[in-house]
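Have the viewer open as you go.

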Amino acid sequence: MAVRGKAMATLPTLVRAMRRRTSNHMPSNQPLPSLRRAFSLYDQINLIDNVPEDQIRFKQVTDTGFGVKGVHYEGSLLCVGNLLMSWHPKKLSEVTSESLSIFQTVRPVPEILLLGCGKYIQPVNPELRAFIRSTGMKLEAVDSRNAASTYNILNEEGRIVAAALLPYGVES
């Protein structure tokens, strides 16, 4: 508390000193330069072109499948890190702990499982949520387009991430 009081007491003196310095160096009618561009991280990150050869990147999400590295995969996909596998569930009700049992053995354990539910976000069975939590992963259930996009970003950041994706045309 004493430190805060001391800081508050010195604040007016600091503001006066700064005003004196700026009035000597910069005319008062000149606007301050914009720092928006100077601190933008978007200039340093290119999420589209600089993708390593061995990295999975979803380029297309269709009603029946997914486009990855110029190849169109029909049906559901399961992705772990930079591995891509065909996956048998055709709708969310078919996604079970058995269909995701690979995550009991995968090491290192992905920090998050992105569950692409198809066209719409759908509630996930509590038993399935509990199973995913028991593997040490967090679950994010979203539509398949957002799941694929989020997978691209997190994978490019170098994070250990997994995705279980149903085709976008799936509605229930």
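Q: In what order do the elements of the protein run from the N terminus on?
A: Keep in mind that this is a predicted model. The secondary structure comes to three helices and eight strands. From the N terminus on, those elements run α-β-β-β-β-β-β-α-β-α-β.

Q: Which residues of helix α2 are buried, and within what arc do they fall?
A: Helix α2 covers residues 126-134, and its buried residues are L128, F131 and I132. Since an α-helix has 3.6 residues a turn, residues three or four places apart point the same way. Seen down the axis of α2, the buried residues line one face of the helix, because they fall within an arc of 95°.

Q: How many residues does the largest nonpolar core have, and how many come from α2?
A: In soluble globular proteins, nonpolar side chains tend to be buried together. Here the largest nonpolar core has 22 residues, and W87, L100, F103, L113, L115 and I132 have the most contacts inside it. The elements giving two or more residues to this core are β4, β6, α2, β7 and β8 (161-165). The largest share comes from α2, at three residues.

Q: How many aromatic pairs does a search of the whole structure find, and what is the geometry of F58 and F66?
A: The search finds two aromatic pairs. The rings of F58 and F66 have centres 5.8 Å apart and planes at 70°, so this pair is edge-to-face. F58 is buried, with a relative accessible area of 6%, and F66 is buried at 0%.

Q: How far apart in sequence are the parts that the pair of F58 and Y151 ties together?
A: The rings of F58 and Y151 have their centres 5.7 Å apart and their planes at 80°, so the pair is edge-to-face. F58 lies in strand β1 (residues 58-61) and Y151 in helix α3 (residues 144-156), so the parts tied together are 93 residues apart in sequence.

Q: Is Y151 buried or exposed, and which residues form the aromatic cluster?
A: Y151 has 0% relative accessibility, so Y151 counts as buried. The one aromatic cluster is formed by F58, F66 and Y151.

Q: Which residue lies over the face of Y168, and at what distance from the ring centre?
A: The residue over the face of Y168 is R145. Its distance from the ring centre is 4.0 Å.

Q: Is S76 buried or exposed, and what does its side chain reach?
A: S76 lies in strand β4 (residues 76-80), and at 2% relative accessibility S76 counts as buried. Leaving out residues up to four places away in sequence, S76 touches M85, S86, W87, P89, K90, L165, L166 and P167. Its side chain reaches the backbone oxygen of P89 at 2.5 Å.

Q: How far apart in space are L84 and A163, C-alpha to C-alpha?
A: L84 is found in strand β5 (residues 83-87) and counts as partly exposed, at 25% relative accessibility. Among the residues L84 touches are I56, F58 and V68. L84 and A163 are 79 residues apart in sequence, and their C-alpha to C-alpha distance is 9.4 Å.

Notes: Residues numbered from 1 in each chain as written. Heavy atoms only, no water. Helix = DSSP H or I, 4+ residues; strand = E, 2+ residues; numbered from the N terminus. Buried < 20%, exposed > 50% of the residue type's maximum accessible area, 1.4 Å probe, protein only. Polar contact = N/O pair within 3.5 Å; in protein donor to acceptor, adjacent residues only side chain to side chain. Contact = heavy atoms within 4.5 Å. Arc of directions from axis to C-beta. Phe/Tyr/Trp six-rings, centres within 6.5 Å; stacked < 30°, edge-to-face > 60°. Lys NZ or Arg CZ within 6 Å of the ring centre and 35° of its normal. Core = buried A, V, L, I, M, F, W, Y, C linked by side-chain atoms within 4.5 Å.
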